[in-house]
Amino acid sequence: MYRQYRDRAAFYVVYIREAHPSDIWQMAVNVREEVVYQSPQNADERLNLAGMCVRNLGIEIPALVDGFDNTTDAAYSGWPDRLYVVDADGRIAYKSAPGPFGFKPEDMERVLVELVGGPAQ
């Protein structure tokens, strides 16, 4: 979707608090995949962890990092993850159910098409 609509819509990934830090809620899959990190203790550590996440996952979408006070996470109920479409007036046009199981990309794309037109040819 990013590749199809990026010429008409701004896309961002917002890195919020770590979902499964080793010091709070470590999951076995993280250990198997060697993705084991403690909760960042300050903004610099969060920026560093976000950067590693973007690089390791090969994320192409521009990334932003929520402040250490977690205001974006709180305002948008971002944890564990969500998909949003915000219209040109700053209103939420689409909000997914919690992901990844609540993601319905086809519903999100319908809203994008209504706002900016179909994908580039």
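Rings of Phe, Tyr and Trp (its six-membered ring) are taken as a pair if their centres lie within 6.5 Å, and planes under 30 degrees apart count as stacked, over 60 as edge-to-face and the rest as tilted. By that rule the structure holds two aromatic pairs. Select Tyr2 and Phe11, which form an edge-to-face pair at 5.5 Å centre to centre with 80 degrees between the planes; both residues are buried (under 20% relative accessible area, with exposed over 50% and partly exposed in between, for a 1.4 Å probe and protein chains only). Next select Tyr76 and Tyr84, an edge-to-face pair at 5.1 Å and 85 degrees, where Tyr76 counts as partly exposed because its relative accessibility is 34%.

This is a predicted model, in which local features need pLDDT of at least 70 and side-chain atom pairs pLDDT 80 or more, whereas totals for chains, interfaces and linings use all residues. Residues are numbered from 1 along each chain as its sequence is written, and side-chain values use heavy atoms, without hydrogens and water.

Return to Phe11 and show its contacts (heavy atoms within 4.5 Å): leaving aside residues up to four places away in sequence, Phe11 touches Met1, Tyr2, Tyr5, Arg6, Ile61, Pro62 and Leu112.

Finally, select Asp66, in the loop between β2 (63-65) and α4 (71-76), with helices (H or I, at least four residues) and strands (E, at least two) being DSSP runs numbered from the N terminus. A polar atom of the Asp66 side chain lies 2.9 Å from the backbone nitrogen of Asp73.

Key
Polar contact = N/O pair within 3.5 Å; in protein donor to acceptor, adjacent residues only side chain to side chain.
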